Amino acid sequence: MAKQKKRVRRQLRMGLLTKLLVVLLLAALGCQVYALREQVADAEAEKARVAALVERRRQENDALTEDIAEGCTPEKMQEIARRELGWALPGEYVFDVGS
């Protein structure tokens, strides 16, 4: 009978250790899932940022393609000269508003 009590105690102790081990493993897995969920959210935000950047670049490329297809017109040359070189037509006044 003493052997049976020792066996029951040993089984209870082993059962308790097993349950404790399972709880610890579940807690560790929960932490990993939480960390992975944060990584997925960060990756989705990065994906949205890159998609917006790609769309902006696509619009710029479309505008440049239209400019190339349009060719070199006097109006386009005037616009570029005004914007990049600061040129003005005779009789025009240019006001530079600094910061």
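Partly exposed denotes a relative accessible area between the buried range, under 20%, and the exposed range, over 50%; Glu79, at 38%, is therefore partly exposed. The legends below refer to a predicted model.

Figure 1. Glu79 forms a salt bridge with Lys76, with 3.9 Å between the closest N and O atoms. These two residues stand three positions apart in helix 2 (residues 74-85), a separation of about one helical turn. Lys76 is buried, with a relative accessible area of 19%. Glu79 also meets Arg83 in a salt bridge, at 3.0 Å from N to O; here the spacing is four residues, again about one helical turn.

Figure 2. Arg83 is exposed, at 54% relative accessible area. The side chain of Arg83 forms a salt bridge with that of Glu84 (3.7 Å, N to O), and Glu84 is likewise exposed. A network of salt bridges links Asp67, Lys76, Glu79, Arg83 and Glu84. The whole structure contains eight salt bridges.

**Figure 3. Close-up of a nonpolar surface patch.** Met14, Leu17, Leu20 and Leu24 make up this patch, and their accessible area together is about 420 Å². Met14 belongs to helix 1 (residues 2-70).

Figure 4. Cys31 is exposed, with a relative accessible area of 56%. Cys72 is exposed as well, at 64% relative accessibility. Zero disulfides are found in a search of the whole structure.

How values were computed. Residues numbered from 1 in each chain as written. Predicted model: local features only at pLDDT ≥ 70, side-chain atom pairs only at ≥ 80, totals over all residues. Heavy atoms only, no water. Patch = residues over 30% accessible without salt bridge, like charges linked within 9 Å, V, L, I, M, F, W, Y side chains within 5 Å. Areas by Shrake-Rupley, 256 points an atom, 1.4 Å probe, with all protein chains shown as cover. Salt bridge = Lys/Arg side-chain N within 4 Å of Asp/Glu carboxyl O. Disulfide = S-S within 2.5 Å. Buried < 20%, exposed > 50% of the residue type's maximum accessible area, 1.4 Å probe, protein only.
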